[in-house]
Amino acid sequence: MIEAALWSSCPPTKQLFHHDPYATTGTATVLQVSDRYAIFDQSVFYAESGGQVADQGTVNGQRVIDVQKAGGRPFQLPNGEVATIEAVFYHEFEEPCALTVGEQVTMEIDGERRLHHMQMHTLAHFLFHATGEYLESQGLTRSTRGCHISDSSARFDFNCAIATDAVPGIQERVTQLLANSPEATVDPLPGTRDVFVWRSGDLEIPCGGTHVRHPKEIQGTVSVRRRTKGKGGTRLYIELDRNAP
């Protein structure tokens with residue numbers, strides 16, 4: 001975590017990926033620099049949040065290995081959860097960055113890594129929905145302790161026990177959703193530019209992450225597995241083998 005003195009006077013970072021999650025390049029102005037960290041007025045990089053890991057790439061050819069958020073304010077979502085909005089993004093470089101305040105820079109993210117994150121985030125929504133359907137059928141309430149989304153897998157920690165024999169049915173439902181869901185839409189929630197409502201058919205989930213436009217952009221074999229997570233909890237993983245037919 002960087003010192004507050006570096007980011008506290010900076011305005012919230014404009015998040016370019018909300019306008020086009022497929023864009024891999026962008027420009028920005030340097031606001032602050034300190035050793036291996038830099039803050040810009042806007043960014044094409046996704047900062048780690050909502051369980052989704054950060055983008056990697058370069059700024060003026062210099063390697064960015066992580067992007068995190070600082071500051072911001074709480075914003076209550078329609079489902080009762082609370083998100084942090086209007087945050088400042090700080091970019092961590094592999095080496096001390098040779099940038100100066102006021103400089104105009106060119107950003108480029110790892111496009112394949114971003115696309116994989118978009119695919120897995122969409123699959124995470126399908127897993128969340130399919131598991132919710134199962135829990136409702138059992139008279140249980142769906143609630144989570146957290147999630148994590150990377151390039152080849154995603155996971156949710158649910159606050160209840162989910163039996164091993166329920167997993168094949170959840171996986172089958174995810175596969176159905178993947179095959180039959182229409183093109184998704186993403187609309188901003190009133191009162192914020194950072195959180196949106198992702199919709200695909202009857203599915204509707206508040207989210208600030210990146211997703212593919214259509215499930216058909218996710219190719220490969222999907223699998224779901226489980227393990228016990230803490231007292232009375234269950235962790236469900238969804239994985240994508242992109243090399244499988």
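Modeller: The radius of gyration is taken over C-alpha atoms, and the globule rule used here is 2.2 Å times the number of residues to the power 0.38. This is a predicted model, in which local features need pLDDT of at least 70 and side-chain atom pairs count only at pLDDT 80 or more, while totals for chains, interfaces and linings use all residues. Residues are numbered from 1 along each chain as its sequence is written, and side-chain values use heavy atoms, with hydrogens and water left out.

Colleague: What radius of gyration does the protein have, and what would the globule rule give for 245 residues?

Modeller: The rule gives a value near 18 Å for a compact globule of 245 residues, and the protein has 19 Å, which agrees. Along the principal axes, the C-alpha atoms fill a box of roughly 55 × 40 × 35 Å.

Colleague: How many helices and strands are there in the protein?

Modeller: Both are DSSP runs numbered from the N terminus: helices are H or I with at least four residues, and strands are E with at least two. The protein has three helices and 17 strands.

Colleague: What percentage of the residues count as buried?

Modeller: Buried means under 20% relative accessible area, exposed means over 50%, and partly exposed lies in between, with a 1.4 Å probe and protein chains only. By that scale, 46% of the 245 residues are buried. The areas come from the Shrake-Rupley method with a 1.4 Å probe, and for residues only the protein chains shown count as cover. The accessible surface totals about 11,700 Å², and carbon and sulfur atoms hold 47% of that.

Colleague: What share of the contacts joins residues 24 or more positions apart?

Modeller: A contact means heavy atoms within 4.5 Å. Among contacts with a separation of 6 or more, residues 24 or more positions apart account for 67%.

Colleague: Is Val30 buried or exposed, and which residues does Val30 touch?

Modeller: Val30 lies in strand 2 and is buried because its relative accessible area is 1%. Beyond residues up to four places away in sequence, its contacts are Ile39, Phe40, Leu99, Thr100, Val101, Gly102, Glu103 and Val105. Gln104 is 74 residues from Val30 in sequence, yet the two C-alpha atoms are 6.6 Å apart.

Colleague: Where is Thr25 found, and which residues does Thr25 touch?

Modeller: Thr25 is found in strand 2 as well, but its relative accessible area of 47% makes Thr25 partly exposed. Leaving out residues up to four places away, Thr25 touches Val44, Met107 and Glu108. Ser153 is 128 residues away from Thr25 in sequence, and 25 Å away in space, C-alpha to C-alpha.

Colleague: Where does Ser200 fall, and in which strand?

Modeller: Ser200 belongs to strand 14, residues 196–200. Ser200 is buried, since its relative accessible area is 1%. Not counting residues up to four places away, Ser200 touches Ser181, Pro182 and Ala184.

Colleague: Which residues does Pro12 touch?

Modeller: Pro12 touches Glu86, together with Asp41, Ala87 and Val88, not counting residues up to four places away in sequence. Pro12 lies in the loop between helix 1 (4–7) and strand 1 (14–15), and is partly exposed because its relative accessible area is 38%.

Colleague: What volume does the largest pocket have, and which residues lie nearest its centre?

Modeller: On a 1 Å grid over the protein atoms alone, a pocket is an open set of points where a 1.4 Å probe fits, with protein on both sides within 12 Å along at least five of seven lines; lining residues have an atom within 4 Å of a point. Grid points are joined across faces, edges and corners, and a volume is the space filled by probe spheres set on the points. The largest pocket has a volume of about 650 Å³. Its lining has 32 residues, of which Gly50, Leu77, Glu81, Pro206 and Cys207 lie nearest the centre. Strand 11 gives the largest share of the lining, five residues.
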